[in-house]
Each structure stands twice: as C-alpha cells, then as structure tokens.
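Please keep the display in view while I talk.

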Amino acid sequence: MNAKHTVLVTRRLPQAVEERLQRDYDARLNTRDELYSSAQILQLAAGADAIIPCHTEHLSAEIIASLPDSVRAICSFSVGYDHIDLAAARSRGIIVTNTPDVLSSATAEIAMLLMLGAARRAHEGARMLRTNTWADWSAIGQLGIEVTGKRLGIIGMGRVGQVMARRARGFDMQIHYYNRHRLSPEIEQGASYHADLNDLLPHCQFLSIHCPATPETHHLLNAERIARLPDDAVVVNTARGAVVDDDALIAALQSGKLFAAGLDVFNGEPDIDPRYRDLDNTFLLPHIGSATRETRDAMGFRALDNLDAIVAGQEPRDRLV
Ligand code: DGY
C-alpha cells in the first residue's frame, strides 16, 4: 500500500472534512484553530505535499518562494484567492485551486440579509430590544427604506452575483449590472447591462458588490463613484473589503449621502475601521457569507476533490494556476 500524502491544513475545518482528511491523508490538522504566523506555516509545511489554507493565511510571493520543494499544491478552502500570490505559485510549479459554486447561495443569502437589515435599520431596532430602550411603538420612528420594487445594481455578475439577482427578483427588484463581459440573455433574465461602471451607478438605489479583490478592483468604490450613486442609496459588500475605500464610504455614511451600508467584509479583518462601529446606519457582520453547515462542508469536500485529483495526477476541477 502506498504511503499517504501529507497535507498541512492551516485552520480547523468542519468535522466531516477533517474526518475525510484523516482517512485519506497524513493530515497535519490545526486542532486549536490558532492563526499561524508565516514562520509557522513554513515550518509546518516541511515535507508536506500540499497545503489547505483559508483566506486568513496570506501566502505572499515571499512565503511561496520559501515553501519546501515537497509542496506541489495549494488547495484553498475559499472561493477568493486574493490571499495567494498566483504568479509566485506558477513560477514554482505549484498548482493552486479554489472552491467556487458551492458557496454562492450562502453568500447571496447574507447579501440579502445585509440589504434588508441596512435598509430597514435592523441594527438600531435590535439594539433597542437588547438594551431595553424600546420606549414605544411609533408611527414615525425607525423608518427605513423599502426594498421591494427598487433598482439593484450588481458589480460582478459571476456566480454569487447571479444568485443575488435571482433572490432579489423575488422582491420585485429591477436588476442592473456591471461585469467585464455581458451575459447571455438566458442568464441576464432581463437585467440591464452597463459596460461602464460609472454608467451603472446612477441607477443603483441599492448596490451589491460581488467582484473579486484584484489590483484592478482595489478601492473600486471610491468617493467619485459614491458621488454618482443616487442620494439615499444603500451599499452592500460581501466580496472583499479591499474593493471599498473606507474613508470614502464612511464619509458618505456620516454625511447622509448614503442611507446605509450592509457589510460582511472589511479591510484589515478582524481589526476593522472603528468608525464603522460608531455609525448607526451600518449593519455589520463578521465575514460569515459562506458560514452555513452545508456550505462549509461543501467547501471542504470541494478542496479535497481538487487535492485528490492532483495527487492522482489528474487535472483538478478548480485549477487557478
Ligand atoms: C471565500 O471563500 O472566499 C470566503 O470569503 C471565505 O473565505
């Protein structure tokens, strides 16, 4: 019988995923779920055939250059791959994979929750109950913005963006989108395409961000673009914090240019810009877009399907490089 391949798993993963890892691999699990430093990752990767990181591990060009020669694959437990320097991996001949598709519904659910929560001032209402400061029902208090029937702009009409559009149609929303390529009419389902992001923005009573973080999308939502949104717009971000310029978004929330923002992702997580916490018109969640039991299992199995293919000398389904 062949010896098992060795895999470094940088974070604690769901039980079913770790059981499969232990059954099929010599798995170096992180049972205490501590955040490894770069030095620890390099040390723990000694002799490993592969690494399964999460988005919390920043695999920079420097780290990838220092990985032991034994490492042939990085199978990320994430759809996003902004934490991995793909060029550095390619130059070392390391295969990199991600976990698309399986988290699209869960992430779109959180985007809907953020959109509804921000528009209907859920954070303020929930706080009243928890701090026992609900004085009375009022015909003029806690007035939010109705979501039903409004125009929703989607930046990035990939897998998650498309599910978001479907869910939002259940609220009779009219969908507008910006994407690098126009989608086919079957996928568009009547959504209005804008080839230029600046043309999309004036239509967006609600704006939901679903594009990856890349050098091109860094601070895509900046002061100039926010100024193009209608007054009282609501911004939702479940993609990556880096797509948003925090100074610009916070200024627009403070001035009242924007009605509210619903945010699940932030620059510098978990040390988010503290000004977000002081704003009543933010509805904030701690990067839980994919956090359902079903989806986290599916992400782990998808990462393992990719790894199984690689060690079997086959092409993995979700190869990035
Ligand atoms: C992803 O898969 O990219 C999610 O943000 C969780 O890491």
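This is a predicted model: local features need pLDDT of at least 70, side-chain atom pairs count only at pLDDT 80 or more; totals for chains, interfaces and linings use all residues.

Let me begin with helix α13, in which Thr295, Met299, Gly300, Arg302, Ala303, Leu304, Asn306, Leu307, Ala309 and Ile310 are buried, where buried means under 20% relative accessible area, exposed over 50% and partly exposed in between, with a 1.4 Å probe and protein chains only. Residues are numbered from 1 along each chain as its sequence is written, and side-chain values use heavy atoms, with hydrogens and water left out.

Helices (H or I, at least four residues) and strands (E, at least two) are DSSP runs, numbered from the N terminus. What covers the buried residues of α13 includes β1 (6–9), α1 (15–24), β3 (50–52), β4 (73–75), β5 (95–97) and α5. The 19 residues of α13 (residues 293–311) should span 27 Å at 1.5 Å a residue, and the end C-alpha atoms are 27 Å apart, which agrees; the expected span is 1.5 Å times one less than the number of residues. Just after α13, Gly313 takes a positive phi of about 80°.

Turning to the sheet, which strands stand at its edges? Seven strands form an open sheet in the order β8-β7-β6-β9-β10-β11-β12, with parallel pairing, and two strands pair if DSSP finds at least two bridges between them. The edges are β8 (192–193) and β12 (282–284), each with a single partner strand, so one side of each is left without a neighbour in the sheet. Within the sheet, five bridges join β10 (residues 233–237) to β11 (residues 258–263), the two running parallel, and Val235 stands opposite Ala261 in β11.

Helix α5 (residues 104–119) packs on this sheet, touching β6 (151–155), β9 (206–209), β10, β11 and β12, with a direction about 145° from that of β11; contact means heavy atoms within 4.5 Å. Axes are lines fitted to C-alpha atoms, for helices over the stretch in contact, and angles run from 0 to 180 degrees between N-to-C directions. Helix α11 (residues 246–255) also packs on the sheet, touching β10, β11 and β12, and its direction makes about 135° with that of β11.

Finally, the chain as a whole has 13 helices and twelve strands, and 49% of its 321 residues count as buried.
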